[in-house]
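Hi,

Here is the structure I said I would pass on.

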Amino acid sequence: MDDLQIIADKIRTMEIRGAGRIAVAASAALRDYAKTLRSLNIEEFNRNIDEAAKTLVDTRPTAVSLPNAVALTKRHSSTNVYDAIDEIVSNSDEFIKNAEEALGKIGRIGAERIHDGDVIMTHCNSHAAISIIKTAFDQGKNISVIATESRPRRQGFITIRELNDYGIPTTLIVDSAVRLTMKEVDLVVVGADSISVNGALINKIGTSQLAMAAQEARRNLIVAAETYKFSPRTLLGEMVEIEDRGSEEVIDPEILEELPNVKVRNPAFDVTPAEYIDLIITEVGALPPAMAYTIIKDHLGLEMLP
Ligand SMILES: O=P(O)(O)OC[C@H]1O[C@H](OP(=O)(O)O)[C@H](O)[C@@H]1O
């Protein structure tokens, strides 16, 4: 399990990050691990796969893409280990291929919402949101982007580098400049870590602040999300857990040590209610948040539920 543990550690420390990327990395890690278990009997095989799946899923609690990818990868109906491995390999290859194709489809569908001359605000670093922005740019639309820094991990720096290298005019702002800057914005485009059955978006901390400022300024907010970012377990009434990360991401531990009366909170995500969202751009279409149940039922399957 050494190689799988290395991937799990990279997901936990965010060396591999982004809801889509962690899903693809986890699926590939489970596939490769399954191939090392040929000598086991089917019961031992299933036990090892379940343990490995748990190791991957336990790395980060919020992005549902991770448990969805692991569940879609590990399911098999074989009683023979060789066949089970073949099924897992084919599940993973299919998941990864679909995930890659989904980004292109989301780009094409979402770009329809972007007009020549638009200023787009985005938050954090979302491959799905950036796919929309790049596709609109590729279509010859004269667009520019306002990107938030996204404290504390500053994923906004990844975004501005990527957009810069693509030739897209981009302005970096600190997170607290969102409301002031919103009057210059035509459309907000963000990614998703999870979408619950009521259409609420769980995404990088600060997303709900963009949503509120957008609504106040009467600007639309669209969410770029593959169908595997919808959360089946919210159908059972479960809430999406918001990850709390360490204080060292926010403040130097030596400084904190000098301040015995201070504690630091570092929630990594927040919740944006459905009423702040104009559309969710998935690979199967541009949908209102009220269609979240249909996506879960038709594209993830209720058999994903325990
Ligand atoms: O899958 P893509 O669109 O790349 O990213 C989706 C979301 O994943 C990221 O989480 P983190 O930086 O891993 O905590 C951000 O919250 C981003 O909006």
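Below is what I found in it, starting with the annotated site.

First, the ground rules. This is a predicted model, where local features need pLDDT of at least 70 and side-chain atom pairs count only at pLDDT 80 or more, while totals for chains, interfaces and linings use all residues. Residues are numbered from 1 along each chain as its sequence is written, and side-chain values use heavy atoms, with hydrogens and water left out.

An unreviewed UniProt entry lists R17, G18, A19, G20, R60, N203, K204 and K229 under "binding site"; such annotations may be inferred rather than shown by experiment. They span 213 residues in sequence, but no two of their C-alpha atoms are more than 14.4 Å apart, so they gather at one spot.

Two of them got a closer look. Beyond its neighbours within four places in sequence, G20 is in contact (heavy atoms within 4.5 Å) with S65, Y228 and K229.

R60 lies in the loop between α3 (42-57) and α4. R60 is buried too, with a relative accessible area of 7%. Again leaving aside neighbours within four places in sequence, the contacts of R60 include R17 and K204, both of which are on the UniProt list. Among the others are E243, R245 and F269.

Cheers

Key
Helix = DSSP H or I, 4+ residues; strand = E, 2+ residues; numbered from the N terminus. Buried < 20%, exposed > 50% of the residue type's maximum accessible area, 1.4 Å probe, protein only.
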